[in-house]
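This report concerns the packing, pockets and domain arrangement of a predicted model. The sequence and coordinates are shown below.

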Amino acid sequence: MVAQRSSVDAVTLSQKRILLVIGGGIAAYKSLDLIRRLRERGAAVRCVLTAGAQQFITPLAAAALSGTRAHTDLFDREDEADIGHIRLARDADAVVVAPATANLMAKMAGGHADDLASTVLLATTLPILMAPAMNVRMWLHPATQRNLSVLRADGVTVVGPNEGAMAEAEFGPGRMAEPLEIVAALERLVGRSGTGAAGPLAGKRVLVTSGPTHEPIDPVRYIANRSSGRQGHAIAAAAAAAGAEVTLVSGPVSLPDPPGVRTVHVESARDMLAAVEAALPVDVGVFAAAVADWRTAENAAQKLKKDGKLPPPLKLVENPDILATIAHRDTGRPRLVIGFAAETENVIEHARRKLARKGCDLIVANDVAPGTGVMGGAHNTVHLVTRDTVESWPTLGKDEVARRLVERIATLLGS
Ligand code: CTP
């Protein structure tokens with residue numbers, strides 16, 4: 001008899017009960033493999049299939065692999081008598097949605113409950129891991145990216161989608177993450193990682209600056225800019241999700257602090273520099289803040305009054321350049337220093353000059369000309385500029401830009 005050896009070394013999801021919601025896409029076939037991978041790691045898996053999913057795989061296949069009957073109907077008398085949709089939403093340790101189609105994501109983001117899958121997802125308070133899969137154009141559509149942002153803000157963890165050739169002979173992001181990638185993301189969410197490493201940036205310290213700075217004129221007035229902090233905050237969140245120990249130094253924004261990130265709140269450029277220096281040493285510094293270039297030479301102690309005289313002249317002095325200060329440090333320079341360049345014309349050329357002047361390793365350049373909607377918006381069209389290369393990314397949600405940038409950081413640190 002041939003001795004069987006499992007390819008799985010660690011039973012990392014032992015005793016975990018996973019509710020797997022399978023949406024209607026061609027990637028549903030990979031979810032059958034996902035069931036197997038989850039069970040190999042000791043998890044008990046219960047499946048819910050949408051009507052769409054049943055066009056691609058059968059409840060019988062899901063039941064055979066999970067070892068328990070698969071659920072399909074909200075108003076199924078047998079189902080309701082057996083476990084019921086509210087118990088389905090409760091009696092587990094986590095919910096995995098794979099594939100999460102554009103429609104399922106829209107329903108989740110909108111709080112719809114018109115079938116068993118969406119009702120369970122609305123009724124659950126468990127951690128949710130979602131693996132989107134759809135056509136590249138559907139993924140990049142502003143509606144889907146908007147839904148993605150809503151779902152992330154609701155606390156849903158997202159894995160993938162990956163880039164590659166798609167069923168419709170198109171290329172781009174939209175392929176569902178591979179079953180083992182989904183398993184790894186789930187282990188980070190609820191279980192123990194088999195390797196002891198909790199992500200590609202595990203053990204790394206990352207510093208991110210984000211948001212605008214406010215430079216006071218007097219106790220009630222200040223100079224500011226239109227930065228929302230969305231991109232910087234998304235990078236901090238993505239780095240934390242990749243296992244890094246993250247410090248976010250944030251100017252005044254109306255965003256919540258990202259979960260799992262140490263957030264230091266500052267107002268002015270000088271405060272930001274002090275907080276950044278206090279956070280060193282780090283492996284990576286990402287300088288996404290829109291730091292005010294100037295501050296007033298004097299900050300009036302009392303509110304300036306009109307007094308019927310001429311308007312007060314505002315004398316400005318230059319603020320310290322935080323990025324350049326850190327990038328030019330002799331000791332304690334992060335291994336990787338990444339700057340941003342918000343430009344309104346000649347984006348690449350200006351970014352190159354900025355890279356050299358500020359001494360950073362990589363510049364994420366973007367066009368913020370009026371009409372692009374980047375400042376304060378949910379999307380970004382960026383170019384990764386190094387001394388010798390330029391890589392232009394398509395227009396993506398800021399969360400997706402963050403996720404890819406973090407992937408790139410992990411690669412750069414590894415090489
Ligand atoms: N930056 C910084 N401190 C400053 C100004 C900018 O750390 N006082 C950082 C930003 O966080 C960003 C990069 O430098 O990573 C480029 O910012 P940007 O405002 O585009 O560049 P400036 O130096 O202000 O150049 P200019 O305004 O002339 O385009």
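## Nonpolar cores

In this predicted model, the largest nonpolar core comprises 33 residues. Leu201, Val206, Val208, Val246, Val286 and Ile409 have the most contacts inside this core. Two or more of the core residues come from each of strand 8 (205–210), helix 11 (230–241), strand 11 (245–250), strand 13 (284–287), strand 16 (336–343), strand 17 (362–367), strand 19 (382–385) and helix 15 (398–414). The greatest contribution is that of helix 15, which supplies seven residues.

The surroundings of Val246 can be listed in detail. Leaving aside residues up to four places away in sequence, Val246 touches Val206, Val208, Ala236, Ala239, Ala240, Val261 and Arg262. Another core, of 32 residues, lies apart from the largest one and includes Ala43, Ala133, Ala185 and Val190.

## Domain arrangement

The chain is divided into domain 1 (9–190) and domain 2, the latter made up of two segments (205–299 + 309–414). Their C-alpha centres are 35 Å apart. Across the boundary, 11 residues of domain 1 are in contact with nine residues of domain 2.

## Largest pocket

The largest pocket holds about 1,400 Å³ of space. It is lined by 40 residues, of which Arg152, Val158, Ala237, Ala238 and Ala241 are the closest to its centre. Both domains take part in this lining, domain 1 and domain 2 each providing at least three residues.

At least two lining residues of the largest pocket are supplied by each of helix 9 (142–153), strand 5 (157–158), helix 10 (179–190), helix 11 and helix 15. By class, the lining of the largest pocket consists of 24 nonpolar, seven polar and nine charged residues.

## Second largest pocket

About 1,000 Å³ of space lies in the second largest pocket. Its lining has 41 residues, and those closest to the centre are Ala289, Ala290, Val291, Asp293 and Ala342. Strand 8, helix 11, strand 15 (316–318), helix 13 (322–327), strand 16 and helix 14 (347–358) each give two or more residues to this lining.

The residues lining the second largest pocket divide into 20 nonpolar, 13 polar and eight charged.

Note on methods: Residues are numbered from 1 along each chain as its sequence is written. This is a predicted model: local features need pLDDT of at least 70, side-chain atom pairs count only at pLDDT 80 or more; totals for chains, interfaces and linings use all residues. Side-chain values use heavy atoms; hydrogens and water are left out. A nonpolar core is a set of buried Ala, Val, Leu, Ile, Met, Phe, Trp, Tyr and Cys residues joined through side-chain atoms within 4.5 Å. Buried means under 20% relative accessible area, exposed over 50%, partly exposed in between (1.4 Å probe, protein chains only). Helices (H or I, at least four residues) and strands (E, at least two) are DSSP runs, numbered from the N terminus. Contact means heavy atoms within 4.5 Å. On a 1 Å grid over the protein atoms alone, a cavity is a set of points where a 1.4 Å probe fits but cannot get out, and a pocket is an open set with protein on both sides within 12 Å along at least five of seven lines; lining residues have an atom within 4 Å of a point. Grid points are joined across faces, edges and corners, and a volume is the space filled by probe spheres set on the points. Ala, Val, Leu, Ile, Met, Phe, Trp, Tyr, Cys and Pro count as nonpolar, Asp, Glu, Lys and Arg as charged, and the others, Gly among them, as polar. Domain bounds come from an automatic or database domain assignment.
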